[in-house]
Amino acid sequence: MGNGWHEWPLVLFTVLGQCVVGALIVSGLAWFSAKDAAARQRIVRSMFFLWVVMGTGFLASVMHLGSPLRALNSLNRVGASALSNEIASGSLFFAVGGVWWLVAFLGKMPAALGKIWLLVSMILGVVFVWAMTQVYQIDTVPTWHNGYTTINFFMTVLLSGPLFAALLLRTVRVSFNAATNASISVLALLVCAGVIALQGVSLGEIHSSVQQATALVPDYGRLQVWRILLLAAGLGCWICPLIRRKEPRVVGLAIGLIFVLAGEIIGRGLFYGLHMTVGMAVAG
C-alpha cells in the first residue's frame with residue numbers, strides 16, 4: 001500500500017512526456033498560424049524548453065530501467081511488446097521533433113518541408129501517448145486494465161500541455177487563441193473530476209481473495225481532492241487574466257504550470273499506487 005511515489009521515475013516520465021506532447025501541438029498550431037517569419041522563429045526558440053523537459057522525462061525513464069543498455073534491449077520486441085512500442089514511439093517522437101526544432105532553429109528548414117515535418121512530429125506525439133496507455137492494459141492488473149487509464153493519460157496532455165505552450169508563447173510575445181485552449185483545459189478538468197468519481201466507485205468492486213482495491217491507497221479520496229484543487233488553481237492562474245481581458249503574466253503562467261504538474265504528479269502517483277498484482281482478481 002502507498003501513494004505510488006516509489007515509481008517516481010515513471011511518474012515523471014509519463015507526466016512530463018504527456019505535457020510536452022500537448023505543448024508541442026499547441027505551439028505547433030501557433031507556429032502554423034504565425035503571420036511572419038520573425039514570429040515563427042521566436043516560437044521555435046521557445047520550443048527549446050519542450051525538448052529539455054522531454055529529455056528530463058527520458059532520463060527518468062532510463063533511471064527506472066537501470067541503465068541505457070536495458071533501454072536499448074527493450075527495443076528488441078517492437079510490435080510484440082507494449083513496453084518496446086512505448087520506448088520506440090517515444091524515441092521516434094523525440095528524434096523527429098528534436099531534429100525539426102534544430103533545423104528550424106538554424107534557419108535551414110524549407111517552408112513546405114517544415115510544415116509537413118512538424119505535423120508528423122505532432123502526430124507521433126499522439127501515437128507516443130497512446131503507446132504509453134497500452135503498457136498498462138494488463139488483464140491481471142484490473143485497477144489499470146480499463147478505459148480510465150487511457151482517459152487519464154490523455155487528460156494530462158490537455159491539462160498541462162496548453163498551459164506549458166501558453167507560457168512559452170507568452171515569453172516570446174506571440175499571441176495565439178488562448179481562450180480556446182484554456183477552455184479545452186477546463187473541459188479536461190471537468191472530465192478528470194468525473195473520472196475520479198467513477199473510478200472511485202469502480203475500485204470498490206475490484207478485489208481478490210485476499211485484497212480489496214480500495215485498501216491499496218487509503219488516502220485516495222483526500223489526495224484526489226488535493227489534485228483537483230491544484231489543477232483548478234493552476235488553470236485559474238491562466239484563466240482569470242483572460243476573463244479580465246488581460247494578458248497573463250509570465251510569472252503567473254509559470255506558477256500555474258507548477259500547480260498543474262504537481263496535481264498530475266499526485267494523480268499519477270495514485271495510479272501507480274493502485275497496482276494490484278494478482279492472478280485471480282475479480283471485478284464485481
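Ala, Val, Leu, Ile, Met, Phe, Trp, Tyr, Cys and Pro count as nonpolar, Asp, Glu, Lys and Arg as charged, and the others, Gly among them, as polar. The legends below refer to a predicted model.

**View 1. Lining of the second largest pocket, by residue class.** By these classes, nine residues of the lining of the second largest pocket are nonpolar, five are charged and one is polar. The volume of the pocket is about 210 Å³.

**View 2. Helices at the second largest pocket.** At least two lining residues come from each of α7 (147-171) and α9 (220-243). The largest share, three residues, is that of α7.

**View 3. The largest nonpolar core.** This core has 79 residues, of which Leu50, Phe93, Trp100 and Leu159 touch the most other members. Helix α1 (residues 8-33) contributes the most to the core, with 13 residues.

**View 4. Surroundings of Leu50.** Leaving out residues up to four places away in sequence, Leu50 touches Val20, Ala23, Leu24, Phe164 and Leu168. Leu50 is also one of the core members that touch the most others.

**View 5. Helix α6.** Helix α6 (residues 111-135) has 25 residues and, at 1.5 Å a residue, should therefore span 36 Å. The C-alpha atoms at its ends are 37 Å apart, which agrees. Its buried residues include Gly114, Leu118, Ser121, Met122, Gly125, Phe128, Val129 and Met132. An α-helix has 3.6 residues a turn, so residues three or four places apart point the same way. Leu124, Ala131, Thr133 and Val135 are also among the buried residues of α6.

Methods:
Residues are numbered from 1 along each chain as its sequence is written. This is a predicted model: local features need pLDDT of at least 70, side-chain atom pairs count only at pLDDT 80 or more; totals for chains, interfaces and linings use all residues. Side-chain values use heavy atoms; hydrogens and water are left out. Helices (H or I, at least four residues) and strands (E, at least two) are DSSP runs, numbered from the N terminus. The expected span of a helix is 1.5 Å times one less than its number of residues. Buried means under 20% relative accessible area, exposed over 50%, partly exposed in between (1.4 Å probe, protein chains only). On a 1 Å grid over the protein atoms alone, a cavity is a set of points where a 1.4 Å probe fits but cannot get out, and a pocket is an open set with protein on both sides within 12 Å along at least five of seven lines; lining residues have an atom within 4 Å of a point. Grid points are joined across faces, edges and corners, and a volume is the space filled by probe spheres set on the points. A nonpolar core is a set of buried Ala, Val, Leu, Ile, Met, Phe, Trp, Tyr and Cys residues joined through side-chain atoms within 4.5 Å. Contact means heavy atoms within 4.5 Å.
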